[in-house]
Amino acid sequence: MTLVFRKPLPNVEHPEMPADVVIVGGGPAGMACALRLSQLIDDHNARHPEAPLSKENIYVLEKAREAGQHCLSGALLDPRSMKELLPGFESEAPLDAVVNKDAVYFLTRTGHYRLPITPPPLRDHGNYVISINRFVKWLAGKVEAAGITIFTGFAGSELLYEGDRVTGVRTDDKGVDKQNQAKSNFEPGYDIKAKVVVLAEGTRGSLTKQLIQKFDLMKDRNPQTYGVGVKELWEVPSGRIQAGEVIYTMGYPLTTKEYGGAWIYGSQNPGSKDNIVSLGFVTGLDYRDPRLDPQHVLQTFKQHPFIAKLLAGGKMIRYGAKALPYGGWWSLPPLAGDGWMIIGDSAGFLNSARLKGIHLAVKSGMLAAETAFEALLKSDSSAAALGKFQRSVETSWIKDELWPVRNFHQGFKSGMVAGVFNTALQEIFDGGLRNRVPSHPGHENLQPLANLPADGGAETHMLGPAKGDGKLTFDKLTDLYHSGTKHEEDQPAHLLIQDTNVCNDRCVKEFGSPCQNFCPANVYEMVDDETAPNGKRISLNPANCVHCKTCDIQDPYQIITWVPPEGGGGPNYDGM
Ligand SMILES: Cc1cc2nc3c(=O)[nH]c(=O)nc-3n(C[C@H](O)[C@H](O)[C@H](O)COP(=O)(O)OP(=O)(O)OC[C@H]3O[C@@H](n4cnc5c(N)ncnc54)[C@H](O)[C@@H]3O)c2cc1C
Ligand code: SF4
């Protein structure tokens, strides 16, 4: 069966909709941007009733059916920016526990060793354990109560341009069948023509990627680098972990050649005596062995006696995965241009030394809102006017936080031991001995199978599909079932592969089709086909996709592009 990919239907009229500001993505960054903009407009209108600004034409586009459904995080919230956005937010926000205990362990295959002190970036006392899904839902309620419209189930599918100016966003066409033909319920996407477009799509945003490519925005920057976090939520018998207890681990199952680590956060559901454990493993997307499978890494991690004891008698209730940007300060693209700004993880505002980005997403959203507000007041959203956002970030605490760790991830490029040493140097010398340490895209580290031990060597326990015992460990499809993922089945594939001959002729031989391993949702399969040159042909199950973006990042030939499927489809990360 030939694969048909999603692409714009020809000769379709797209209804136009005028907007002042359109925010693409309703995660923490997008919601904070909308809320701050509303606050500024309210304040202005109270002071200048004679010249009010309207909020009617400010929109948030969110591809999930409900706000928060596609949001996945650890998550610990550093409350700094939320205190600025909504002073006193603690009394009403859904915060599961205050962190009161933290520890970092180094794991060997069977042993666990607590570090005598928790390294400063991982000290979390005073932060909150949250479900990002519930937190974003709550923020969405605030945004709507403030009079700003959130269009859920609508994806931004294309940026609109006039010359080099971004003039709006086209939303997804609905009702397109598997052969890329209009169905009887076909509805064309809207052309939302906006004075200001704010990109808040999270990691590896699809419109953000288009913009970065069109204007070559990463020239002179370090390329962005990523990790993928695979997460399970567990209910465990009470007493195993305290609500508010935080554990980080380094080491096993990774070897010294891979970058990554695990988190374990404890909380409690109201009215339940069981503890809730948020547990996940972040694997740096710069590993060498293309057979490595990040979902398998998590399953192996759970078999470690220290972790297995914590989970024994418990039940896995939710699953999900998502990529996160690791590159830090030197990997930020320019943040604004003619008609556009980029905020949150789409830009790369994440402190990888702390595994934290929510507070930076919120703060970047607030600063972008302040710039957008001035643009509306002055009717000027040129590159010069929106460039103020760049300057506000550079003079804000975002830079104070990201600057000292600007070389953090680069420090691990020669493995874990060198990384720990470099981290210590960076602590002493304010970011290290060099101002800017270069980096390269992580997928370039993937080695052809011919360069690797056929039996997997030291990495064997993380390679290929995990089998799962159905109690402590799970195969991918069982895990996937717990992500609540659903898509309209009759639609073209939203994973665009530039040339499937590369998959069938080259990749299968050279790298052993790593898409089958790095995808945490079994979307990619190499099926038997005697007519294919190597007896195998790529086949896709796009309806399984959890929108983690790993394939867009990690494929060795860079020929996969993730585009949004029909709005409303995707995972359902309720409670994650
Ligand atoms: C595994 C993992 C663990 C983490 N742990 C922590 C932690 O403990 N503490 C912490 O502070 N940070 C943590 N982070 C980072 C944190 O989650 C992010 O920094 C933060 O969520 C970024 O917010 P955002 O709004 O930029 O993006 P997101 O939270 O990704 O939100 C983006 C939103 O945009 C929507 N969207 C995307 N594209 C489109 C489109 N084209 N059209 C319409 N909608 C679109 C998505 O559906 C989503 O709702 C973690 C991240 C991961 C992946
Ligand atoms: S297809 Fe790509 S984006 Fe979807 S789950 Fe697999 S790796 Fe993630």
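Predicted model: local features only at pLDDT ≥ 70, side-chain atom pairs only at ≥ 80, totals over all residues.
Local features need pLDDT of at least 70 and side-chain atom pairs count only at pLDDT 80 or more, while totals for chains, interfaces and linings use all residues. Side-chain values use heavy atoms, without hydrogens and water, and residues are numbered from 1 along each chain as its sequence is written.

Ligand 2 has 13 residues around it, each with a heavy atom within 4 Å. Cys519, Cys545, Cys548, Lys549 and Cys551 come nearest. By class, 11 residues of this shell are nonpolar, one is polar and one is charged. Here Ala, Val, Leu, Ile, Met, Phe, Trp, Tyr, Cys and Pro count as nonpolar, Asp, Glu, Lys and Arg as charged, and the others, Gly among them, as polar. Cys548 is buried at 8% relative accessible area. Cys551 is also buried, at 8%. Buried means under 20% relative accessible area, exposed over 50%, and partly exposed in between (1.4 Å probe, protein chains only). The count of disulfides is zero, a disulfide being a pair of cysteine sulfur atoms within 2.5 Å.

The largest pocket has a volume of about 740 Å³, taken as the space filled by probe spheres set on the points. Its lining has 30 residues, with Leu122, Met250, Ala353, Phe408 and Phe412 closest to the centre. By class, 21 are nonpolar, seven polar and two charged. The second largest pocket holds about 570 Å³. Arg204, Lys209, Met218, Gln224 and Tyr226 lie closest to its centre, out of 30 lining residues. This lining has 12 nonpolar, 13 polar and five charged residues.

The whole structure contains 30 salt bridges, each a side-chain nitrogen of Lys or Arg within 4 Å of a carboxyl oxygen of Asp or Glu. Arg165 pairs with Asp338, the closest N and O atoms being 2.7 Å apart. These partners are 173 residues apart. Arg165 is partly exposed at 23%, as is Asp338 at 26%. Glu232 and Lys302 form another salt bridge, at 2.6 Å between the closest N and O atoms. Glu232 is buried at 0%, and Lys302 is buried at 0%. Lys174 and Asp172 also pair, at 2.7 Å between the closest N and O atoms. Both are buried. Glu66, Lys137 and Asp574 are linked in a salt-bridge network.

Definitions and conventions:
Chains lettered and ligands numbered in written order. 1 Å grid on protein atoms, 1.4 Å probe; cavity = no way out; pocket = protein on both sides within 12 Å on 5 of 7 lines; lining within 4 Å. Helix = DSSP H or I, 4+ residues; strand = E, 2+ residues; numbered from the N terminus.
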